[in-house]
Amino acid sequence: MEKFYTAEETHDTVEVCKFYLENKCRFGDLCRNRHEGENTEKMVKKDVSGKKTINKDTEKSKKKPPMKTAADVIKRIQWDRILPKEHFVIGYLGGFLGGVVEENFTSFSWENFDIQHRIQYFKYKNERVWDKTERKDIMFGSTGSEVGIVEI
């Protein structure tokens with residue numbers, strides 16, 4: 001059985017982290033000892049044995065949302081009738097030269113040619129709508145983009 005306690009309730013039972021005082025604590029929020037200056041409203045989860053663990057909801061909120069893959073973008077371009085294929089350009093890592101090569105989406109035969117792992121970005125009407133290195137996704141909005149592909 002698990003019970004949630006506020007940091008105030010555990011204040012007297014958990015000692016101050018000596019490494020935190022020296023700015024050397026490597027455990028951060030997962031540290032079993034108290035870090036002075038923490039938000040007193042932060043919820044701490046204790047299991048039956050009394051060990052302190054981090055609340056999973058707090059841990060998930062620090063993670064970036066997953067970005068749609070290049071394969072997802074290709075499928076959308078192929079099947080979405082609103083988006084004309086001839087307006088898309090793909091930037092992918094070239095062969096031996098190693099630089100980024102741009103080609104029209106319609107110049108590829110997607111059944112026989114697999115460059116999905118080398119794709120760096122997609123452009124729609126000369127604007128990047130999906131970019132792997134910048135974590136930009138206007139095609140689906142998976143990275144929190146407020147502008148949609150239809151608005152371009």
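## Sheet

Five strands build an open sheet, ordered S5-S4-S6-S7-S8, with antiparallel pairing. Strands pair if DSSP finds at least two bridges between them. Strands (E, at least two residues) and helices (H or I, at least four) are DSSP runs numbered from the N terminus. Strand S5 (100-104) and strand S8 (136-137) stand at the edges, each with a single partner strand, so one side of each lacks a neighbour in the sheet.

S4 and S6 run antiparallel and are joined by five bridges. Ile-90 stands opposite Phe-122 in S6. H4 packs on the sheet and touches S4, S6 and S7. The direction of H4 makes about 30 degrees with that of S6. Axes are lines fitted to C-alpha atoms, for helices over the stretch in contact; angles run from 0 to 180 degrees between N-to-C directions.

## Model basis

The model is predicted: local features need pLDDT of at least 70, side-chain atom pairs count only at pLDDT 80 or more, and totals for chains, interfaces and linings use all residues. Residues are numbered from 1 along each chain as its sequence is written, and side-chain values use heavy atoms, leaving out hydrogens and water.

## Nonpolar core

The largest nonpolar core has 21 residues; Ile-119, Phe-122 and Met-139 touch the most other members. Helix H4 (70-79), strand S4 (88-93), strand S6 (119-124) and strand S7 (127-131) each give two or more residues. H4 gives the most, four. Such a core is a set of buried (under 20% relative accessible area, 1.4 Å probe, protein chains only) Ala, Val, Leu, Ile, Met, Phe, Trp, Tyr and Cys residues joined through side-chain atoms within 4.5 Å.

Notes
Buried means under 20% relative accessible area, exposed over 50%, partly exposed in between (1.4 Å probe, protein chains only). Contact means heavy atoms within 4.5 Å.
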